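Please keep the sequence and the structure in view while reading.

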Amino acid sequence: QVQLVESGGGLVQAGGSLRLSCGASGFTFRLYGMGWFRQAPGKEREFVASIRWRVGITEYVDSVKGRFTISRDNAKNTVYLQMDSLKPEDTAVYYCARKMDDFSDYRDLNYYDYWGQGTQVTVSS
């Protein structure tokens, strides 16, 4: 069965860093694109970053460009989100998800078919 398990969230002061991890199992990880999304209380789930499976092309929402870096280690079946220069507005539950194909919009959550349970990231002022 497909499983995605996020870890690495926590409480950090503004300007600090966190590294999120998402361990995957139950499928051939190296053949799937992966994404990170986040959801703050009362807000819609938002695309954060994605990484494709073929050549590792990445996409980011404008608000995190230059601060966040998505990467993957196929040998470990793990996708990472390195978050630097964190801001209070980054506070949210962060989810990893599996892209269902390799041609649809990587920013659209409707094209991801499996999701982790999420990990809380809280950035204080």
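## The hairpin of strands 7 and 8

Strand 7 and strand 8 form a hairpin with 4 residues between them, and Asn77 in the turn has a positive phi of about 50°. Strands here, like helices, are DSSP runs numbered from the N terminus (H or I, at least four residues, for helices; E, at least two, for strands). This is a predicted model, in which local features need pLDDT of at least 70 and side-chain atom pairs count only at pLDDT 80 or more, while totals for chains, interfaces and linings use all residues. Residues are numbered from 1 along each chain as its sequence is written, and side-chain values use heavy atoms, with hydrogens and water left out.

Strand 7 covers residues 68–73 and strand 8 covers residues 78–83. The two run antiparallel and are joined by 6 bridges; two strands count as paired if DSSP finds at least two bridges between them. Phe68 stands opposite Met83, and Arg72 stands opposite Val79.

## Two faces of strand 7

In a regular strand the side chains alternate between the two faces of the sheet. On strand 7, Phe68, Ile70 and Arg72 make up the covered face, whereas Thr69, Ser71 and Asp73 lie on the uncovered one.

Gly23 is found in strand 3. Its contacts (heavy atoms within 4.5 Å), leaving aside neighbours within four places in sequence, are Gln3, Leu4, Val5, Asn77 and Thr78. Gly23 is partly exposed, with a relative accessible area of 29%; buried means under 20%, exposed over 50%, and partly exposed in between (1.4 Å probe, protein chains only).

## The nonpolar core

The largest nonpolar core has 32 residues, of which Trp36, Leu81, Met83 and Tyr94 touch the most other members. Such a core is a set of buried Ala, Val, Leu, Ile, Met, Phe, Trp, Tyr and Cys residues joined through side-chain atoms within 4.5 Å. Among the strands that each supply at least two residues of this core are strand 3 (18–25), strand 7, strand 8 and strand 9 (92–99).

Leaving aside neighbours within four places in sequence, the contacts of Leu81 include Leu20, Trp36, Val48, Phe68, Ile70 and Tyr94.

## Loop residues with positive phi

Asn77 lies in the loop between strand 7 and strand 8 and is partly exposed, with a relative accessible area of 26%. Ser85 sits in the loop between strand 8 and strand 9. Phi of Ser85 is near 50°, a positive value in a residue other than glycine, and Ser85 is partly exposed at 42% relative accessible area.

## The whole chain

The protein has 0 helices and 11 strands. Its radius of gyration is 13 Å, close to the 14 Å that the globule rule gives for 125 residues, so it is as compact as a globular protein of that length. The radius is taken over C-alpha atoms, and the rule is 2.2 Å times the number of residues to the power 0.38.

Of the 125 residues, 42% count as buried. Residues 24 or more positions apart account for 57% of the contacts with a separation of 6 or more.
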